[in-house]
Amino acid sequence: MFRKVPLAVIGGGDSTMEEALFLTQYGSKVYIIHRRDEFRASKIMQKRALDNPKIEVLYSHSTLEAYGNEKGRLAGLKVQDLKSNDIKDLQVNGLFFAIGHEPASKFLKGQLKSDADGYFLTTPGSTKTSIDGVYAAGDVQDKKFRQAITAAGTGCMAALEAEHFLQEHGFQNEALPDNGYALL
C-alpha cells in the first residue's frame, strides 16, 4: 500500500527519525513535518535521517488538514509554514504520527519509583517494580520501543510474575467463578 509513494511522518523525536528511516524502504519519499526549528531527537538519529536522500524535512511546519481522493484514500496534506504563514499542498499517500508520548502513570506518581519522564523503573529482565508484588508492563515501563508487541510480551511476563508472587505468599489456584473472571 505504501510502496513507491510519498509518505509523511509528523514529529521530531527519536521515534520520528526511526519511523521515517524505516519508511524509506517502502516510500518514494518521506517528509518529516516538525513544528519547531530543531529536532528533539538524539544527534545520531538526526544524522541518520538527514543523511538519507529519500527524507525531506519541513521545519517549522504544522499540518492543517489531510484530504482524500475519490477512492477514499489519503491524497495529501495542507501544511503551514509557521514562520511565513504560507500554506502549501503536500501530496502524500501515507501519514504517520510519531509525536510525544506520555505514559499513563500519573495516578501512581510518588508510589512507585519512576524516571523523570514518568516511566516506572523495573528490575532488569523483569517487570518487578519498587514495591513487592507490583509489576509494570507495556508503555508505562517501555520507554524505548513503546510498541503493542512489547506491551503484550511484558504483560505476559507481569502476569506470570504476579502468579508466582501469589503462590509464594500462600494464595493457591482456586476455581474461577462461573463468568471465568477472577478478582484479586
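## Aromatic pairs

Phe 2 is partly exposed, at 28% relative accessible area; partly exposed is the range between buried (under 20%) and exposed (over 50%), with a 1.4 Å probe and protein chains only. The model is predicted: local features need pLDDT of at least 70, side-chain atom pairs count only at pLDDT 80 or more, and totals for chains, interfaces and linings use all residues. Residues are numbered from 1 along each chain as its sequence is written, and side-chain values use heavy atoms, leaving out hydrogens and water.

The structure holds three aromatic pairs. Rings of Phe, Tyr and Trp (its six-membered ring) pair if their centres lie within 6.5 Å; planes under 30 degrees apart are stacked, over 60 edge-to-face, the rest tilted. Phe 2 and Phe 96 pair edge-to-face, with 5.3 Å between centres and 65° between planes. Phe 2 sits in the segment before β1 and Phe 96 in strand β7, 94 residues apart. Phe 96 is buried, at 18%.

Phe 39 and Tyr 59 form a tilted pair, because their planes stand at 45° with centres 5.1 Å apart. Phe 39 lies in the loop between β2 and α2, Tyr 59 in the loop between β3 and β4 (61-68), so the pair ties together parts 20 residues apart in sequence. Phe 39 is buried at 7%. Tyr 59 is partly exposed at 30%.

## The sheet

Four strands form an open, parallel sheet in the order β3-β2-β1-β7. Strands are DSSP E runs of at least two residues, helices H or I runs of at least four, numbered from the N terminus. The edge strands, β3 (55-58) and β7 (94-97), each pair on one side only. Twist averages 20° from one strand to the next.

Strand β2 (residues 29-33) runs parallel to β3, joined by four bridges; pairing takes at least two DSSP bridges. Ile 33 stands opposite Leu 58 in β3.

## Helix α1

α1 lies across β1 (6-10), β2, β3 and β7, at about 170° to β1. Angles run from 0 to 180 degrees between N-to-C directions, with axes fitted to C-alpha atoms, for helices over the stretch in contact. Contact means heavy atoms within 4.5 Å.

Thr 16, Met 17, Ala 20, Leu 21 and Leu 23 of α1 are buried. They cover an arc of only 165° around the axis, so they share the same side of α1. The arc uses directions from the helix axis to the C-beta atoms. Their cover includes β1, β2, α2 (43-50), β3 and β7.

## Thr 16

Thr 16 belongs to α1 (residues 14-23). Thr 16 counts as buried because its relative accessibility is 0%. Not counting residues up to four places away in sequence, Thr 16 touches Val 9, Ile 10, Gly 11, Ile 32 and Ala 98. A polar atom of the Thr 16 side chain lies 3.1 Å from the backbone nitrogen of Gly 12.

Technical notes:
Polar contact = N/O pair within 3.5 Å; in protein donor to acceptor, adjacent residues only side chain to side chain.
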